[in-house]
Amino acid sequence: MKIRDLLLEVDRSELKPGADLRGRDLYNANLSHSDLRNADLEGVNLEGANLYNANLEFANLKNANLQDASLKGAIMIGA
C-alpha cells in the first residue's frame, strides 16, 4: 500500500519505528495508527496529515509542519 500526495510517494513499509523521513512532504497523508516511535521527522511537512492514534513517542519533530494535522489519540511523549 502506498501513501500518495501531489509531490511524493512513500511506501508504507518506510513507516516504522526509527524511520528516517527527514524533509519528506507528507501533506494530507493518512498516517493513522502508524508506529513512528523514535522516527526522525525533522523538517517533515505533515500539514493536514491524519495522525489519529499514531505512536510518535520520542520522535524528532524539530521544524516539522503540523498545521491542521489531526493528532487525536496520538502518543507524543518525548516528541
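In this report, contact means that heavy atoms lie within 4.5 Å. The model is predicted, so that local features need pLDDT of at least 70 and side-chain atom pairs count only at pLDDT 80 or more, whereas totals for chains, interfaces and linings use all residues. Residues are numbered from 1 along each chain as its sequence is written, and side-chain values use heavy atoms, with hydrogens and water left out.

Leaving aside neighbours within four places in sequence, G48 is in contact with N28, Q67, D68 and A69. G48 belongs to the segment that follows β2, a strand formed by residues 9–11; strands here are DSSP runs of E with at least two residues, helices are runs of H or I with at least four, and both are numbered from the N terminus. The C-alpha atom of G48 is separated by 7.3 Å from that of L66, a residue 18 places away along the chain. With 23% relative accessibility, G48 counts as partly exposed, where buried means under 20% relative accessible area, exposed means over 50%, and partly exposed lies in between, for a 1.4 Å probe and protein chains only.

A64 also has its place in the segment after β2, and with a relative accessible area of 18% A64 is buried. Apart from neighbours within four places in sequence, A64 is in contact with L41, G43 and V44, while the C-alpha atoms of A64 and G23 are 8.4 Å apart although 41 residues separate the two along the chain.

**Core and surface**

A nonpolar core is a set of buried Ala, Val, Leu, Ile, Met, Phe, Trp, Tyr and Cys residues joined through side-chain atoms within 4.5 Å. The largest such core has 19 residues, and those with the most contacts inside it are L21, L31, L41, L46 and L51.

On the surface, F58, I75 and I77 form a nonpolar patch with about 290 Å² of accessible area together. Patches are made of residues with over 30% relative accessible area and no salt bridge, like charges being joined within 9 Å and nonpolar side chains (Val, Leu, Ile, Met, Phe, Trp, Tyr) within 5 Å; the areas come from the Shrake-Rupley method with a 1.4 Å probe, and for residues only the protein chains shown count as cover. I77 lies in the segment after β2 and, at 53% relative accessibility, counts as exposed.

**Salt bridges**

A salt bridge is a side-chain nitrogen of Lys or Arg within 4 Å of a carboxyl oxygen of Asp or Glu, and by this rule the count comes to four.

| Pair | N to O distance |
|---|---|
| E14 and R24 | 2.9 Å |
| R37 and D35 | 2.6 Å |
| D40 and R22 | 3.5 Å |

D40 and R22 both lie in the segment after β2, so their pairing ties together parts that are 18 residues apart in sequence. R22 is partly exposed, at 49% relative accessibility. R37 counts as partly exposed at 32% relative accessibility, and D35 is likewise partly exposed, with a relative accessible area of 26%. Through salt bridges that share partners, D20, R22 and D40 are joined into one network.
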